[in-house]
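Here is a friendly walk through a ligand site and some helix packing. Have the viewer open as you read.

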Amino acid sequence: MYAYREMVDWPAGRKHWLSGSATSATFKEKHVLKMIETTPSLNELIEQAGELLRLQFGTEPTWMGIAPGRVNLIGEHTDYNQGWVLPIAIDLYTVLVAAPGTVPNTIRVFSASLGEQAILPLAGGDGRHPLIWMRYVEGVITEYRNLGVMCKEMDIVAVSSLPMGGGLSSSAALALATAHLIEAATAQTMTSEERIAVSVSAERGYAGVPCGIMDQTVVELGRAEHALLLDCQDEIFSHVPCLGSHISMLVIHSGVTHSLASGAYAARRGECELAATKLGLSSLRFLEPDHINALGDHPVLMKRARHVMTENRRVHAMVTALRSGDKHCAGALLSESHESLRDDFAVSCDSVDRLVALAQAEEGVLGARMTGGGFGGCVIVLVRSEVVDAAAKAICRRYTEYAGKPTQCFTVDAVAGARKMNTSV
Ligand code: ADP
Ligand code: MG
């Protein structure tokens, strides 16, 4: 996996863990730097976590929880409309290593991504830990306890190659890595359904994020070289093979995080519910073309509904394209999805539109779209593998010229979901 980064003022706490020693050296040079480098492999992350545990707590790693991030190939804003999504677990990871705790009645967690240590009383917190990031961990520990899985004292170190808040689901990775770590430490095994439910509860009930189930489901159930088709109504899933090694996936961050995002998300949900009510449907899952016409007096609702209907259809068309190896169709579906998100669902923004357009114009690119809730975040690009390096560099260079800000670009592969290990690292 490669990460292409053009860096300005990268947050201090991240440079070591994201970029290793190469970044530390180049970081001293002040402003825009263009670099191509390798992100830490899973093994490197595990090693880093072990070293940090020794350094921070003076103990040897005994247990480990590992969880990948994810990117949604297609199916945007369909989840809360009881539709379908097609995410992929990707080879950027959060790794938690731990040893028996040295402070009585206490769980200590050091996040290398933040350079911050949090403390949780073994008896449990009140779900309002002062460090918000710790609420994900606290939520999982508390929910496991409610299921009868009791943690003992532990010292934990978390390291990650996932950008936080970048739309690649570092939050679900943190929660699922915690779940697996607890199981390793307590020698108990829960089902995937239980782990997903606990992680969703941690995010909703403790971190206070009204998330769906997609992130936790694919982070737990991802499979190497496969995407995960998830029916958000029935919570049924199946694995769909990806296109193979001749096609690569790029994930490029626009560098934009929009303050309107959460308000707009709530507004879109409201519009979708209103459209369903007006049509007498229990959800927009059941939309047919006649329904769209019936919303003629409500042009905004008509556009929102049209996105949901066409996006659900694109998810199924993508599954067919992947199964038949039709890379051109897969690329075209991505680009159509972007148009629909931009024009009908109105959740894109100028920077993301520009990044998508730059990617689409590049030699060897089959298609591109925004991925995630919108108003910033990441773009996903399908590109022929033999030109992926050149394409990534060209897109990042042009986007940096446009945006005047750093770009993070990853080539990602579909990998297996979260797991645990008893270990000596
Ligand atoms: P995303 O899941 O797309 O990365 P979110 O906003 O949902 O973005 O989640 C990011 C939050 O998850 C962070 O702000 C932090 O609270 C928490 N988080 C994720 N990974 C870590 C980590 N390695 N260490 C500490 N906190 C983390
Ligand atoms: Mg998240």
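## Around the ligand

A backbone N or O atom of Gly165 sits 2.8 Å from an oxygen atom of ligand 1. Keep in mind that this is a predicted model. Ser170 also reaches an oxygen atom of ligand 1, with a polar side-chain atom 2.6 Å away. On the nitrogen side, an N or O atom in the side chain of Ser111 is 2.8 Å from a nitrogen atom of ligand 1.

Altogether, 17 residues surround ligand 1. The closest are Ser111, Gly165, Gly167, Ser170 and Ser171.

## Helices H11 and H12

Helix H11 covers residues 350–360 and helix H12 covers residues 388–403. Their axes are 9 Å apart, and the helices pack at an angle of about 150 degrees. An angle over 145 degrees counts as roughly antiparallel, so H11 and H12 are described that way. Their crossing is right-handed.

From H11, Asp350, Ser351, Arg354, Leu355, Leu358 and Ala359 meet Ile395, Arg398, Tyr399 and Tyr402 of H12. This contact of H11 with H12 has six nonpolar, one polar and three charged residues.

## Helices H10 and H11

H11 also packs with helix H10, residues 327–343: the two axes come within 12 Å and cross at roughly 160 degrees. H10 and H11 are therefore roughly antiparallel too, and H10 passes H11 in a left-handed crossing.

H10 contributes Ser335, His338 and Arg342 to the contact, while H11 brings Val352, Asp353, Val356 and Gln360. By class, the contact of H10 with H11 has two nonpolar, three polar and two charged residues.

Technical notes:
Residues are numbered from 1 along each chain as its sequence is written. Chains are lettered from A and ligands numbered from 1 in the order in which they are written. This is a predicted model: local features need pLDDT of at least 70, side-chain atom pairs count only at pLDDT 80 or more; totals for chains, interfaces and linings use all residues. Side-chain values use heavy atoms; hydrogens and water are left out. Axes are lines fitted to C-alpha atoms, for helices over the stretch in contact, and angles run from 0 to 180 degrees between N-to-C directions. Helices (H or I, at least four residues) and strands (E, at least two) are DSSP runs, numbered from the N terminus. Angles under 35 degrees count as roughly parallel, over 145 as roughly antiparallel, 65 to 115 as roughly perpendicular and the rest as oblique. A crossing is left-handed if the near helix is turned anticlockwise from the far one by less than a right angle, and right-handed if clockwise. Contact means heavy atoms within 4.5 Å. Ala, Val, Leu, Ile, Met, Phe, Trp, Tyr, Cys and Pro count as nonpolar, Asp, Glu, Lys and Arg as charged, and the others, Gly among them, as polar. A residue is near a molecule or strand if one of its heavy atoms lies within 4 Å of it. A polar contact is a pair of N or O atoms within 3.5 Å; within protein, one must be able to donate a hydrogen and the other to accept it, and residues adjacent in sequence count only if both atoms are side-chain atoms.
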